[in-house]
Structures are given as C-alpha cells and as structure tokens.
Amino acid sequence: MENEIPPALQGPTAKEKKYDRQLRLWGAHGQMALEESHILLINSGPGVVGLETLKNLVLPGIGNFTIQDSAVVTQADLGVNFFLEDKHMGQFRAEHTCNLLKELNPDVEGHFITEPVELFLNKPNALKPYTLVLVTAPIRPELLSQLSSHANATNTPLFYIHSVGFYSHFAINLPLAFPVVDTHPSPESTTDLRLLNPWPELVQYAAEKTKDLESMNNEDHGHVPYVCLLLYYLGQWRKDHDGRVPQDYKEKTAFRNLVSDAARTNTPEGSEENYDEAVAAVLKSLNPAEPSSAVKEIFKAPECQRIDEQSPSFWIIARAISNFYDKHTALPLPGSVPDMKARSADYVQLQNVYKTKARKDIAEVLEDVRRIEEEVGKKTKVDEKEVETFCKNAAHVKLIRGRPFHVVQAGQSIKWGDRAKSLAQMLTFPGSLLPLYIAFLAYDEFTATPNKDSLGSASQIPGAADARLDVENVISVSRKIIDDLINEAGTFIEDPEYSEVLSTTADFVKELVRAGGAELHNISALTGGLVSQEVIKVITEQYIPVDNTCVFDGIRSKSEVIRV
Amino acid sequence: MTLAMTGTVELEPSQPSNARAKWKHMDTVLDRSGPFTDPDFRPGETPKESLARAKVLVIGAGGLGCEMLKDLASSGFRDIHVIDMDTIDVSNLNRQFLFRQEDVGKFKAEVAAQRVEKRSGSGVKITPYCGKIQDKDEDYYKQFAMIICGLDSIEARRWINATLVGMVDEEDPDSLKPLIDGGTEGFKGQARVIFPTMTSCIECQLDMHAPRAAVPLCTLATIPRQPQHCIEWAHIIAWEEERKGDILDTDDPEHITWLYQKALKRAEQFNISGVTYSMTQGVVKNIIPAIASTNAIVAAACCNEAFKIITSCNPCLGLPGTDNYMMYTGDESVYTYTFEHQKKPDCPVCGNLSRPLQVNQDSTLGEFLDSLTERPEAQLKKPTIRTEAKSLYYQSPPSLEEQTRHNLSKKLSELVENGEEVAIQDPAFPTTFKYKLVFQK
Ligand SMILES: [Zn+2]
C-alpha cells in the first residue's frame, strides 16, 4: 500500500511552491504564458514608473525583459529609484537597473540596451523579439508614432505611461480584436441552473427527489436539494397560472412566499436549511437565460460572421456557439452546481445531471466547430480543450477592441472620432477625471513643442524651470483641447458648467506643472502596480484588462478608466 | 534657522549639498505650493525637516511591508522601524521582493531592514524588531509620528487599533497617532487612514471584512458534498481521532500529505472529485492568493498618504468629514471607490454607546459565546462576559472559570434582561467591548 503512492503525493515542485500564491489565480496555463513572454521597457524621463512596473513582472516570473535606456545615473535618480545604488553614479542606468531587477528572480533573463531610442528603433526588426512594449513619457511624438504603428501592424500590445508628481496615466493599445475567454467572473454570477427551461433528465431527477414531498419524514424533507424544491413549486405555480412561470418582481415575491410557507417549522431548529436556500435563490435564479450584450456583440462581429481558413480559433468557436444559441435560444450549459444542503449521494447525482448535459452541449458545439473547419478548409484543428473552456465561460467571454491612443503632435488638434460625443458629455460629470487626462495631453503637447529660446528641437518639461510661465501656456493648450473636443462632438457646454470644466482642468495642469517633470516614488510604485497587473492580464489572456486609458489622482486617491 | 517661504530650492543646511541633490524630484514638489495645498503650507524647509525627523513604524514585513519600507525610504523618510514575528518561507518569494532564496528561514523584519538600508545608502536608518506587536507597550508606540500597517491578520489590526485609540489623551495632542492600514487579497485590496477617536476606526469598519462562514460540523461528519468538505473533515475530525497528541504543523509536508490522503480516500468513498494537494494546503492553511502588483498598489497608496500627512504638501485622506477609505478592485479593469466611512457612535472601541446585538433569548450562554466568533460585528475567540451586576462567564483564572461554568448551559433569558448591557473582554484585544443584548422575539 504505502509504496504505491502516486506522483502527486510527493507534493508540489519547487516552482509550484515559489509561485503558489499566484498559481491560485492564473493557474499553470497563465504562468506558462508569462514564462514565454519577453517584455521591452523603453525607459525615459526619471524612469521610476517603468522599473516599478518591471519589478512586479520579474517577481511572478516573466521569461525575459529588456530595458532600453540611454540615460546615465545622476544624483537625482538615487533618491527616488530603488533599483540604483550610490556607486552607480555616472554609469548607464539601463545596465544597473537591469542587474538589480535580475536579483529578484533567478528564473528571469534580463537584458539592456544603452543606445539612444532613435537609433535603437531605426534598426531593422528592432522590436521583433518582444511580446509587449512599455514606454514611459516623455518621448518624442514621432518615436511614439513609430511604436504605435509597429503595435498595430504586428498586434503587439503597447503601453504608454506617465507618472508626474501626484498624478499618473497609462494608455493601452491592444490588437483590434482582443478576446478573453477566461475572464474569472465572480462565482455568484456564474450559477446557471436553467430552472425555467429544464431538460428532461433534470425534470426527472427533481420529480424523483420530490416524490411524496409532503409526506416525507422531517429528516428526508430537510435534505431535498433546493434545485428540486424550486422545480417542484414552479410546477405548482404553473398549474395555478396557465402554465406561466413567475414573470415580474411581484410574482417572484409571491412565489418566494409560496416556497417559504411550505418549509416545516416543527424541526429542532425551527426551520429548514434547504428551504432557506431555495427562498434565497428565487430572485437570482428565475431569470431567462439571455446572453449579455457583450456576448451578443461577439456574435454580431464581422469576424464571427465571416469565417475563413485564416480565422483564429476564438472566432470559429464563437461562431459555433452563436449557431448553438440560434438553435436552442440558450448558451451551452456551464455545468457547475453551487453547494447546497443535500445528502452526499443526491448531490453527486445532481452534479452529474448538470455535467452530463454540459458535456452533451460541448459535444454539439465541437461537432459544429469541426463542420465549420471543414467548410472553410481550415488546416489546423481547434483544440478540444479550448472548445470546452469556451463553452463553460460562454456567458462571460469578453471582446476588447483595441485602438491606437492619442499621440500628441505639436500644433495639431487631437481627433476623438466616435468617442467625441460620450467624452464631451463626461467632461461635465462631477468628479470625473477626464479633465486630468486632458491635462496630460496638454502637458505632452507642451513637451512636444520645440523650445523657442533654445537651439534645435530640445524638448522642455513643463515646470522644469519657470513654473508660473509654463502653467499659463499649458492651461491655454488644455483649453484648446477642450474646445476642440466640444466642437468635434457637435455639442455645446453652457456656463457655469463650461467655466467649471476649464477651472478643474486648470487645477490639474497647475499641479502637474508644479512637479516640473518629477516622479514621486509612491505614485510611480502605485502606477507600476496597475500597469504590471494589466500586462499580466494581457499576456495570460485572463481577467479583463483596462479599455483603454486609466488615470490616477494621488491627491484624492481615486482612479478612473476612460474609453478614449 | 529661517523657514523657506519662497518657491526657490533651498538646500538643507544640515546636509551637504550632494546629499540633498538625491532628493531633487521630491524637493521640486516640496519647494512649491499647488492648487490644492492648504494655505498654511510653507514650501521648502519645513516639509523637508518634518520628513527627515519623522519616526514611523511599519507593522508587518511581508508582501505589503516590503513594499512600504521601499516606498518610505524612497520618499525621504529616514527613521523607519519595522515589526514582524515571521520567518521567510519559499512561497513569499513571488512578491516579497526584499527576500532571496538563501534568506528562507531568517526573520523577515531583519532581512528587510538590512536590504533597504543598504540600498538607500547613508541617511536612512531602519530598525527591525522580530516579535509580536503585543510585546510592546504604549511608551513604545508613543515614540512614532504614525503607524503604517501591512498585515494579513484581522486580529493584529484590531489590537493595534484598540491600543492607539486607548492611547489618545485629549490634553496631549502628541498622543494621537494616525494609523494607515493596507490589506490585499488577490486582485483586491484597500487602503485607509484613521485618526484614532476622531474618525472611523478599524473596529467601526469590522463588518466590511466579514469572516467566511464555517461549514457546519454535521455536513463534514455525515454528508460531505465538496472536496473542501473532505479536507476539512480530515483536518478537524480525522486528525483528532487518529493522531491525537500530534500537534498539526501546517508547514510540515508529512502532515499535509497525511491530510491529503485522508481527504482523498473520503472523497472517493462519497464519489466526490477534485481533492488536490494544493487545495488541501489552501484549505488547511487558509491560503489567500497574493501577488506583487496588488501589494505594490495598496502599499504605495498607504505611503502616499503618509507622505502627505507628514509634509502637508497636499490634502491627505482621513481628516474628519473627508474620504478615509480607498477600496481597490483589479480583476475586472481597474476600479477604485474612495469614500468616507462613518464613525459609529456604538463602536465598541471608539464609541461611547454600547452596540445593540440581536440575540435569541432561548439560546444558551455557551451558544451565544460561540456565535461571537462568526458574527461579523464581533469576531471574538475567547470572550469573558459580565453584566454590571454579575459575572456570567470567565475564561480565566481557572477558579473563576469553574465558578461561572454552570452559566454556559443556561438560557440567555435566565441571565440577562432584554436590552441589558454586557461587557465582553477577549485576551486578544486591549479593550472592553460593550454590547446591549436585544431579544429577537
Ligand atoms: Zn471605532
């Protein structure tokens, strides 16, 4: 007996032990994706936020990182940047930050590039090795445009990050279609019991378990699974309501009372746990299985409508599930059953009723997937596991439409496109942080504008020298951005709201300029946390990433996500 | 020494100029006023001096604590103390970035302090204490300008909260120590600022962190349905029956393997699938997922408040009438909710009124005391209870325990009047909880 211990009993591997606390979130699958990634950081400015981001990616074990940074370590770096030491003064920042980051995890490979970003980007295929690119402000707009073109041409996710004083901002440029199947919805939102349209096996199971319900002894009565109770009383309700199920809130409440009144009170506890569970489940489980608008949008997407041999597996499965929905007016059954008061054997049997149906649904979808593959002449077959995962999460899959973020060019107005209307509206929402985003755009435009007083095209950081003068300039830029947005939206904002928008934005500008381009360690660390979290979501294709811009206000300790 | 009133950069006289050059970024912000700074804020020397002089305490040198030490040292704090009783485990390395493989087994506080001190160069002193917060008395806590908590235990939080509330002496403004507290769980977390006695305290907010409901014993014993039920059965029942006398060490792989095998067998017997070694470990050790990114966010949010409180360079969270609590969720996009949690007048720690507690007058005193473990608003483990007139039950000393034990089987209605006030003490907390028992029926 004792020498027949299967391998699993030898306990976790060294890697599983080290990564235990994160594997419980994104699993071995997500971990593998991280380990296969190579992340490039183009580090500019004070450079703290970029390194704080990388730190949180090296720790969970990305495969490779590369830091491009041509700066030389100065005194000012030493206080604010934790990944430098006094002895590194005057040497390349890329080299020493890379080495100190590498210390955090021997499983991660670190590389650095010290040539200036212009030269680096002009090399052929310079960006080819990287899975994802992070770039921190300030960077010249033509270089940012170049990075943005690369991102869109190669579907490489690109992050643009600001951390200035008490404020920060980051924008994510994802591929045009970025689908997530494994969104990790909260367990409460995933329960799908199909009580309004049960299939024959479930009906039969419930009928067996509620046979002679009224005459059962207390012990048996108190162990009937609540799913069966609800189906039983729904049957009663239907009889009295022309075959209809409870429709609105009022009827559901009446139905709830019906169930609640049927509970026995002559028990030692004075109540029955299974009836309590049934009563609690009424309002949330008696809803028609209507897919969310996000799922319907996927079904309607052109990629789902037009499948060809190039179509990624996500779209082929989506199409098969869309067909399934058209046929059954229901998504494939997820097949999980929440825990409930029941005898062990009854519960396991109930689980099997759901699991069997879920497997049947998966088989049907899989068959359709194979038919579609055949039809379009797809060479490589979609993995069965992928179909299974998709079916289980069908109600919660999410599609994000990536789009290029704003690259501010000196003297050119910003185009807001189809978002202009909703954003112009948002400007007037109390407490909105859109004005902070606009302040950042104005800040970038000021930085992109060649300094009249200096030779050449040296950029200037607002507030680096004369804060008072720069504040006026940046405020007037921000005002123009606001007016352009309102114009493009074809609307009008009246006073006093308009003046309020201007003064809110002006305050954000003043605070930004006050910092003179300085990074505060806490704000950079916090922003590095946010950005690294989003990088992990994008690389593992799990959880739901920011769509598409996030700002943080460290004075009020508030964030906001804006779809720009 | 003159105060710098203008917006120009002035070097701190106490330090050579190149030492101040290190703080160029921070100084740019401290040398200027902003649109939101209080009119009384004096840019320049004052905030820098305050930062340099402030002695702060970080409680916990784990996921949050490591981040906090780095954040404070990189924000100009120079005199930082840190308390942690734990030693380093290999599963800490995915986020507690001050520790390396070769540090496994050493004290967290000591290693963390050394690493940050070395990295930050001269001028930053980090003083570790490897032990429990309960080892220290009011005099110890009194030396700090503020206390920043990065703990994973609710109990320790409640202890320090009650201690700091108890320390407040209205005659002595220096006795009020701001408490900044961070907590994380997976992609979620919170950062909050408490001015003891002035604003909502940890105890006021206790119901925001309700404990998970325990699975009833009869389910474990007779009708398991989930793999977790089988593991809990092995943990609570099988171990007690078959290895009585052995003290369960959840860090001992042999012990976990034994529980895993027991649970697996039981699961097979009931046709339940899904018991794994990792799940066994998770259930038995009550493991909460933890990642570097959330810790970075919450720790930095806390230290950002510490920085603002000490320097006054911008408004902080936590002053009466303003937001004091930031809730963070990162699994679905990025979401923060920052609000003012209201102080509760019937808070057992910082309020004056006793808190009403709904009770079933037919339940026994014993059952009532057991229920205090699970009630979100109480969460007490070893309560001693008395009314103004009589002692109902004492956990210790043994003589009193014996004298009051017979009350445990009495109905509440036999012992107290409806609405009567009771005082409850628990050895884990330096305070007396006052409740008013209100009969349900
Ligand atoms: Zn309180």
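Into which domains is chain B divided? Domain 1 takes 3-209 + 289-339, domain 2 takes 217-284, and domain 3 takes 355-440. Those bounds come from an automatic or database domain assignment.

Quick housekeeping before I go on. This is a predicted model, so local features need pLDDT of at least 70 and side-chain atom pairs count only at pLDDT 80 or more, while totals for chains, interfaces and linings use all residues. Residues are numbered from 1 along each chain as its sequence is written, chains are lettered from A and ligands numbered from 1 in the order in which they are written, and side-chain values use heavy atoms, with hydrogens and water left out.

Okay, staying with chain B. The C-alpha centres of its domain 1 and domain 2 sit 40 Å apart. Taken along the principal axes, the C-alpha atoms of chain B fill a box of roughly 75 × 55 × 45 Å. You'll find 15 helices and 13 strands in chain B; these are DSSP runs, with helices being H or I of at least four residues and strands being E of at least two, numbered from the N terminus. Of its 441 residues, 56% count as buried. Buried here means under 20% relative accessible area, exposed is over 50%, and partly exposed is in between, using a 1.4 Å probe and protein chains only.

One more on chain B: take the contacts between residues at least 6 apart in sequence, and 62% of them join residues at least 24 apart. A contact means heavy atoms within 4.5 Å.

On to how the two chains meet. The contact takes 84 residues from chain A and 86 residues from chain B. The size of an interface is often given as the accessible area lost when the parts come together. For chain A and chain B, the buried area is about 7,000 Å², and carbon and sulfur atoms give 58% of that. That figure is the accessible area (1.4 Å probe) that the two parts lose on being put together, summed over both. R21(A), F82(A) and R514(A) supply 13% of the area that chain A buries against chain B, more than any other three residues.

R225(B) makes a salt bridge with D339(A), with the closest N and O atoms 2.8 Å apart. There's also a salt-bridge network linking E85(A), K87(A), E103(A), R100(B), K118(B) and R119(B).

Which elements of chain A give two or more residues to the side that touches chain B? They are α1 (14-18), α2, α3 (48-58), α4 (75-80), α17, α22 (497-515), α23 (521-540) and β10 (558-562). The largest share of that side, 11 residues, comes from α23(A).

Let me zoom in on α11(B). Since 6 of the 8 residues of α11(B) are buried, this helix is largely enclosed by the rest of the structure. The buried ones are Y277(B), T280(B), Q281(B), G282(B), V283(B) and V284(B). They pack against α2 of chain A together with α9 and α10 of chain B. After α11(B) comes N286(B), whose phi is positive, near 50 degrees.

D251(B) lies in the loop between α9 (227-242) and α10 (253-269) and K285(B) in the loop between α11 (277-284) and α12 (292-311), so the pair ties together parts of chain B that are 34 residues apart in sequence. D251(B) is exposed at 51%, while K285(B) is partly exposed at 26%.

Last stop, α2 of chain A. R24(A) and D20(A) form a salt bridge, closest N and O atoms 2.9 Å apart. Both lie in that helix (residues 20-35), 4 residues apart, about one turn. R24(A) is partly exposed at 25%, whereas D20(A) is buried at 9%. Over all chains, the whole structure has 63 salt bridges.

Notes
Salt bridge = Lys/Arg side-chain N within 4 Å of Asp/Glu carboxyl O.
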